[in-house]
Structure formats: C-alpha cells, structure tokens
Amino acid sequence: MEIRVDMRSDTVTKPSPEMRKAMYEAELGDDVYGDDPTVNRLQEKAAEMLGKEAGLFVVSGTQGNLVSVLSQAQRGDEIILGDQCHIFNSEAGGVSVLGGVVMYPMKTDRHGVIAPDLIHAAVKPRDYHKPPTKLLCIENTHNNTSGKAISPADMQMMADAGRAHGLRVHLDGARLFNSAVSQGIDVKELTAPVDTATFCLSKGLSCPIGSVLVGDADFIEEAGRWRKILGAGMRQVGVVAAAGIVALDLMIDRMEEDHVNARKLAEGLAELPGIALDPAEIQTNIVRFGVPDGSGDRIAAMLLEQGVYMNGGYSDLRMVTHYGIDSEDIDFTLLAMRNVMSEVASPVPTA
Ligand SMILES: Cc1ncc(COP(=O)(O)O)c(C=O)c1O
C-alpha cells in the first residue's frame, strides 16, 4: 500500500525547494576552525532570535541537550527535570552514561509544567550523601503532554524556583517555535527566563539535520569543547546549516497551518468510537489519544493498510502534523481512522 500521510513525527519532513537551493549554493569553510561562513551566520541568527549571546550548531536535539548538560554539570552532579521529559525518557540516559550526571525526575502536570514546590523540594541540601544539584531542565513544547505550549509566565515561575537555589536553567525547545507561534508571541519571551536553550531545525522547521544550542559566550565555548569530545566537530557543514537559515526565514509562520490541522484532526478523532481525546488539549502539532488497552499496534497496522503511517503503542498513540500534510490529508486520515476504529471498537459478538 502506498503511504499517503506520514503522521509518525515532524522529523519525517523533507527540505523545501528553497532549502535545497540554499544548500547547493552555500558558501563553505572548515567549521572546526570556525571558518564556515554559513554555519556562523546560522549560529548568530539563532542566538539573536532567541536573545542570547552565542549559538552552536549541533547534530541533533539529543546532542544539544547532552552538550548543554555536560557543560553545566560535572560527574557526580545532579540535574532535576520533569518525569515526562525527553531528556529523562528518550535520550538513552546519555547524560548519565557519558557524563556521570544523576537525573532526578519530578512530577509533571498535564500542561508540561513542574510545580515550584516540587522544584524547591528536589534541590538537595549540602550534604555529602547527596549529589549537588546544578541544573533545572524544562521542555517547551512538551512532547509527552501532547505538545503543550508553556506560557512565558509558567517558564518564569519554574526558572525562578530553580534560581532561588542557584541552579542554572536549560530549555529543551525541540519545538520551541511551535510554542511561540501557537501563543502568538516572540520566541524571546520563552527563552528570557532560561540560561541555555536548544531548538531543532529537523522537526517542524523541516530541515534535514541539526539543532542550535544558545547561551552566553562562555557557555557556548564550553559546549563547543563537549561537541568535539562527542566527535561532532563538523567540517564544511554549512551545506546543512544553509537549510537552517532558510527555515528561520520561511518556515516559522507556516507552523500555524500545522496547528490548525492538528486541531481539526483532534476534533475528528474525538468523535470516533474507542478514542479518548479532549480536542481542547491540543495546542500545537502533536495529537495524543487513548485507545482500548492493547489495541495500539493493531490500529497502527490497520491504518498503514489504508495509507496512513503512525507509530504503534499499547494504549497511547500519537499523530503529528507537519510541512507536507494538508487539510485534505487530515480528511483522508479521519476516514481511514473511522474504518479502523469501527472494527477495533465494535463489541465482540457473543454466541
Ligand atoms: C522534546 C524533544 N527533545 C529532544 C528531542 C531529540 O531530538 P533529536 O531526535 O533530533 O535527537 C526530541 C525528539 O523528538 C523531542 O521531542
């Protein structure tokens, strides 16, 4: 069956024609020597947009988070973070494996926010039985709570709680621009409360590769050292960074279309039998929903037969809208899901 709609993630997006042209024409140099003018332009542009001194082009969101943590916490130190966040759940424990850094998870509410009281309670007293707490990590949009866009006020509230104990604050903003677009605010409002932030070019911004990490100049110098240790000093990588510059110019405002499509998808899904979903919870491009226990993999397999690709699961599923998916694709997906769910959710006939 030909795949018509790929809803697995916004990471499946392909570069736009403008990006391919810019990649072809990019001016290049050896970035390990700091000589690649295109990389330098991307880093400066990203830092300026996020209101920080300097930027560093990294391979992935995972690497951006890893480099950031390793630059701000040493072996035996602790970072505190939400129990639903990507760093804790989906980065293979890299900060512990490679940096000897302890992760302490705190309960996250359904908006992706960690209550200040939990942050105050999580910070360890000076006591040699305890790992010294150094860094608070927050995530916006918050992937596991269905792409919640956290407000500047909530960002400030969490950061203030960490700062009260002298912690630095890192933002995993893999989908930071989705958050800013959905709230109709400048992205700087979301980065002002934090010391360091990373965002992904390869998700909703549709670039083939890369993330940018930003912060003050000393931090970025240290982060560059850690990137080198991780083997990711890259050479004529302006060929990739060129797509990032185009993305920052052309791909941010269009994210609103992805959010509109996600809401339409959520409203349609919520009407189907066997699906648990409140469309009012959908703020950006991630639509998570519940299905009957144990049916997730079967639903994904049946949907694929109809030309719609999504990841399986046990009882929690996710669809993600992005560049390349339009309103008609949402109609197509809803029709396919209607067929699948009428079979999955219909009561088994008794003899
Ligand atoms: C919130 C969040 N942070 C970080 C990442 C990691 O990004 P990458 O896949 O580029 O390593 C992801 C990826 O989905 C993510 O959703």
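Q: Which residues does Thr145 touch, not counting residues up to four places away in sequence?
A: Thr145 touches Asp109, Arg110, His111 and Gly112, once residues up to four places away in sequence are set aside. Keep in mind that this is a predicted model.

Q: Okay, and where is Thr145 found?
A: Thr145 is in the loop between β5 and α7.

Q: Is Thr145 buried or exposed?
A: Thr145 counts as buried, because its relative accessibility is 12%.

Q: What about Ser146, where is its place?
A: Ser146 is also placed in the loop between β5 and α7. Its relative accessibility is 8%, so Ser146 counts as buried.

Q: What is the phi of Ser146?
A: Ser146 has a positive phi of about 65 degrees, although it is not a glycine. For background, most residues other than glycine have a negative phi.

Q: Is Ala92 buried or exposed?
A: Ala92 counts as exposed, because its relative accessibility is 74%.

Q: Back to the loop between β5 and α7: where does Thr141 lie?
A: Thr141 lies in that loop, with β5 covering 133–139 and α7 covering 152–163. Thr141 has a relative accessible area of 3%, so it is buried.

Q: And what is Thr141 in contact with, leaving aside neighbours within four places in sequence?
A: Thr141 is in contact with Gly147, Lys148, Ala149, Arg175, Leu176, Asn178, Ser179 and Thr284.

Q: Is the peptide bond from Asn140 to Thr141 cis or trans?
A: The bond from Asn140 to Thr141 is cis, with omega near -5 degrees. In general, most peptide bonds are trans.

Q: New topic, rings! How many aromatic pairs does a search of the whole structure find?
A: The search finds one aromatic pair. Phe177 and Phe199 form it, in an edge-to-face arrangement with 5.1 Å centre to centre and 90 degrees between the planes.

Q: Where in the chain are Phe177 and Phe199?
A: Phe177 is in helix α8 (residues 176–183), while Phe199 is in strand β7 (residues 196–200). They are 22 residues apart, and the pair links distant parts of the chain.

Q: Are Phe177 and Phe199 buried or exposed?
A: Phe177 is buried, and Phe199 is buried as well.

Q: Which ring does the charged end of Arg225 sit over?
A: The charged end of Arg225 sits over the ring of Trp226, 5.4 Å from the ring's centre. Elsewhere, Arg4 lies over the face of Phe332, at 4.5 Å from the ring centre.

Q: Let's switch to Ile220. Where is its place?
A: Ile220 is in helix α10 (residues 217–229). With a relative accessible area of 9%, Ile220 is buried.

Q: What is Ile220 in contact with, leaving aside neighbours within four places in sequence?
A: Ile220 is in contact with Ala54, Gly55, Leu56, Leu213, Val214 and Gly215. Also, the C-alpha atoms of Ile220 and Ser68 are separated by 8.7 Å, though these residues are 152 apart along the chain.

Q: Zooming out, how many helices and strands does the protein have?
A: The protein has 14 helices and 11 strands. Of its 351 residues, 55% count as buried.

Q: Why does the radius of gyration agree with a compact globule?
A: Because a compact globule with 351 residues would have a radius of gyration near 20 Å, and the protein has 21 Å.

Methods. Residues are numbered from 1 along each chain as its sequence is written. This is a predicted model: local features need pLDDT of at least 70, side-chain atom pairs count only at pLDDT 80 or more; totals for chains, interfaces and linings use all residues. Side-chain values use heavy atoms; hydrogens and water are left out. Rings of Phe, Tyr and Trp (its six-membered ring) pair if their centres lie within 6.5 Å; planes under 30 degrees apart count as stacked, over 60 as edge-to-face and the rest as tilted. Helices (H or I, at least four residues) and strands (E, at least two) are DSSP runs, numbered from the N terminus. Buried means under 20% relative accessible area, exposed over 50%, partly exposed in between (1.4 Å probe, protein chains only). A charge sits over a ring if NZ of Lys or CZ of Arg is within 6 Å of the ring centre and within 35 degrees of the ring normal. The radius of gyration is taken over C-alpha atoms; the globule rule is 2.2 Å times the number of residues to the power 0.38. Contact means heavy atoms within 4.5 Å.
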